[in-house]
Amino acid sequence: MTEKFVGLGYDQVLLVPGASNVLPHTVSVTADLAADFKLNVPLISEAFGPATDTRVVPMALNGGLGVVAEQADLAAQVEVVASAKEAYVSATAYPKALVDAQGRLRVGAEVWLTQGAGERVSALVGAGADAIFLYLQASLDDEAIALVQGLRADFPATFLAVGVIEAPEQAQALYEAGVDAVLAGRSVDSDLPNDVTYPFLTVTMGVAEVAAAFDKATIAVGGVHYSGDIVKAVAAGADATMVNDLLKGSTLADDGTVTAGDLSIDDAIFQADGGLRAGMGYTGSASLAELKAGGRFVQITDNGLRESHPHDVEITKQAPNY
C-alpha cells in the first residue's frame with residue numbers, strides 16, 4: 001500500500017437492500033474456507049494472549065473457531081490445544097458444534113512466522129490443531145514466502161492462513177505459495193493510520209478479488225465491532241471474520257449504571273448470528289456465497305452513520321453487543 005491509497009471502512013457504507021423472499025431463519029451461514037475445512041458460523045476468535053484461550057472451546061461448540069495464542073512456553077500452548085481436542089461434544093446440546101472427522105472440536109493455533117516456526121507447528125498439529133494462523137512480524141519478503149512454502153509442503157493436510165496483509169499483490173504471492181486463506185487487514189508495515197479511518201472494507205475487497213481467482217479464502221481482520229460489520233465484511237468478499245470486540249460487551253446494572261465486561265460466548269455468537277441472518281434477509285441472500293456475489297454498498301457521511309444507529313431514545317436495557 002502507498003500513502004496515496006484511500007478507501008472506505010465499514011462505518012462509511014451501508015448495504016443496499018434488495019428484493020427478498022429470504023427469511024433470516026432459513027439462510028445458510030456455513031463458511032467454506034477450504035475443500036475439507038468449513039465453519040458453521042463465519043466467526044473466528046482472535047488470539048490476544050493466553051487470556052483469550054478460554055474462548056476456544058465455547059467458540060467451537062457454537063460453530064465458530066477459536067485460536068490458541070502463541071506463548072513463549074510451547075508446551076503450555078500445546079497443552080491448551082490437546083485439552084480442547086479432548087472435550088466431550090453433545091450433539092443434542094450443541095447441534096452447531098464445529099467438529100473434525102472423529103467428532104472432536106476443531107481448534108486453531110497462532111504461530112509467528114519466523115525461523116523455527118516449523119517446530120512449533122509440528123508440535124501443535126501433533127496435539128490436534130486443525131488450523132494454523134501464521135502471523136508476520138515484518139514485511140512479507142522472500143524469506144517469509146519460503147517459510148510458508150516449506151510449511152505447506154510439511155503439513156499438506158493442515159489448514160494454513162497467513163497475515164495480516166493489506167496489499168493484493170502480497171495476497172497473490174501467499175496464495176501462490178499454497179496457503180488456504182489470507183488474513184486481510186492492517187499489515188504490520190502499513191503506511192495507513194492505525195485508527196478509525198483505516199479502510200478495512202476496501203482492503204478486504206482487494207484481497208478477496210485475488211482470492212477468487214485462486215478459489216481460496218479471505219478472512220477479514222479488524223474493524224468488526226457490530227454484527228452488521230460481519231454482513232458488510234462478507235458482502236465485501238470475506239469468507240469469515242476474526243472477532244475480538246464483538247465478544248465483549250457491557251451490561252446494565254439494576255441501578256442504571258453500565259458495567260464493562262465480557263459476554264458469554266453463547267450470547268455473543270447468538271447475537272452475531274442473528275445480526276448476520278437479518279442482514280442476509282435484508283439483501284435477499286440465502287447463503288454467504290449469495291451475499292458475496294450480490295452485496296452492494298452505498299457510501300454515507302458521518303451524519304448518515306449517526307442516523308443509521310439508534311438515537312433520541314431512552315435506553316432501558318443495554319444491548320449485549322451494541
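I began with contacts in the protein: among those between residues at least 6 apart in sequence, 63% join residues at least 24 apart. Contact here means heavy atoms within 4.5 Å.

A note to myself on the source: this is a predicted model, where local features need pLDDT of at least 70, side-chain atom pairs count only at pLDDT 80 or more, and totals for chains, interfaces and linings use all residues. Residues are numbered from 1 along each chain as its sequence is written, and side-chain values use heavy atoms, with hydrogens and water left out.

Next I looked up the secondary structure, and I found 10 helices and 14 strands. These are DSSP runs numbered from the N terminus: helices are H or I with at least four residues, strands are E with at least two.

Then I checked burial. Of the 322 residues, 50% count as buried. Buried means under 20% relative accessible area, exposed over 50%, and partly exposed in between (1.4 Å probe, protein chains only).

My residue for today was A60. Where does A60 sit? I found A60 in helix α1, residues 56-61. Is A60 buried or exposed? A60 counts as buried because its relative accessibility is 0%. Leaving aside neighbours within four places in sequence, I saw A60 in contact with K96, A97, L98, L105 and R106. I also looked up Y94, 34 residues from A60 along the chain: the two C-alpha atoms are separated by 9.5 Å.

Last, I turned to L14. L14 belongs to strand β1, residues 13-15. With 31% relative accessibility, L14 counts as partly exposed.
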